[in-house]
Amino acid sequence: MAKLLYTLIILLLVLSTPATAEPMCDIVPKRLAPCLSYIKGKYHSIKPSNRCCRGLTDIVQMDKTGRRKDRIAVCKCIKKALLHISYDPNRIKLASQLCTGFPLPPVGHNTNCS
């Protein structure tokens, strides 16, 4: 548990963005933080936690505007938030689908967000 907390603190410190960044990229890391153990495949949870689902719901709402630029921005924010973390991109898609019924794309380190 301490290791997870340490990882979350480091994640938030590393991913602090300057004031000129897109507002979305300030929000996405905070919303993804409760999902880290799920998307990393730890504990082999069947379903993401309620906190994770609330965060993913917020991210999905940003992504569902129908505007291509918003979808690209969300993708880039997810990539940036998870840059230094080893995870399974398909678990982002699965978690968002389980929580919201709307799957986010499986954003990985090599995903082209354009």
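# Close-up views of a helical chain

**View 1. H2 passes H4 in a left-handed crossing.** A crossing is called left-handed if the near helix is turned anticlockwise from the far one by less than a right angle, and right-handed if clockwise. Helices here are DSSP runs of H or I with at least four residues, and strands are runs of E with at least two, numbered from the N terminus. What you are looking at is a predicted model, where local features need pLDDT of at least 70 and side-chain atom pairs count only at pLDDT 80 or more, while totals for chains, interfaces and linings use all residues. Residues are numbered from 1 along each chain as its sequence is written, and side-chain values use heavy atoms, with hydrogens and water left out. The axes of H2 and H4 (lines fitted to C-alpha atoms, over the stretch in contact) come within 8 Å and cross at roughly 150°. H2 is therefore roughly antiparallel to H4. Angles run from 0 to 180 degrees between N-to-C directions; under 35 degrees is roughly parallel, over 145 roughly antiparallel, 65 to 115 roughly perpendicular, and the rest oblique. On the H2 side, Met24, Ile27, Val28, Arg31 and Leu32 meet Gly55, Leu56, Asp58, Ile59 and Met62 of H4, contact meaning heavy atoms within 4.5 Å. By class, the residues of this contact are seven nonpolar, one polar and two charged. Ala, Val, Leu, Ile, Met, Phe, Trp, Tyr, Cys and Pro count as nonpolar, Asp, Glu, Lys and Arg as charged, and the others, Gly among them, as polar.

**View 2. H2 passes H5 in a right-handed crossing.** Helix H2 covers residues 24-32 and helix H5 covers residues 68-81; their axes come within 9 Å and cross at roughly 55°. The two helices are therefore oblique to each other. Met24, Cys25, Val28, Pro29 and Leu32 are the H2 residues here, and they meet Asp70, Ala73, Val74, Cys77, Ile78 and Ala81 in H5. This contact holds ten nonpolar residues, one charged and no polar.

**View 3. Here H4 meets H6.** The axes of H4 and H6 come within 9 Å and cross at roughly 95°. That makes H4 roughly perpendicular to H6. Cys53, Leu56, Thr57 and Val60 from H4 meet Ala95, Ser96, Cys99 and Thr100 from H6. Five nonpolar and three polar residues make up this contact, with no charged ones.

**View 4. The largest nonpolar core has 30 residues.** Such a core is a set of buried Ala, Val, Leu, Ile, Met, Phe, Trp, Tyr and Cys residues joined through side-chain atoms within 4.5 Å. Buried means under 20% relative accessible area, exposed over 50%, and partly exposed in between (1.4 Å probe, protein chains only). Leu32, Leu56, Ile59, Ile78 and Leu82 have the most contacts inside the core. At least two core residues come from each of H2, helix H3 (36-39), helix H4 (50-63), H5 and helix H6 (89-100). H5 gives the largest share, seven residues.

**View 5. Next come Ile59 and Ile78.** Ile59 lies in helix H4 and counts as buried, at 0% relative accessibility. Setting aside neighbours within four places in sequence, Ile59 is in contact with Val28, Arg31, Leu32, Val74, Ile78 and Leu104. Its C-alpha is 8.5 Å from that of Leu32, 27 residues apart in sequence. With neighbours within four places left out again, Ile78 is in contact with Val28, Leu32, Ile59, Ile92, Leu104 and Val107.

View 6. Asp26 sits in helix H2 and is partly exposed, with a relative accessible area of 34%. Asp26 and Cys77 are 51 residues apart in sequence, yet 8.5 Å apart in space, C-alpha to C-alpha. Lys40 belongs to the loop between H3 and H4 and is also partly exposed, at 30% relative accessible area.

**View 7. The last view steps back to the whole chain.** The secondary structure comes to six helices and zero strands, in the pattern α-α-α-α-α-α along the sequence. Of the chain's 114 residues, 39% count as buried. Among contacts with a separation of 6 or more, 68% join residues 24 or more positions apart.
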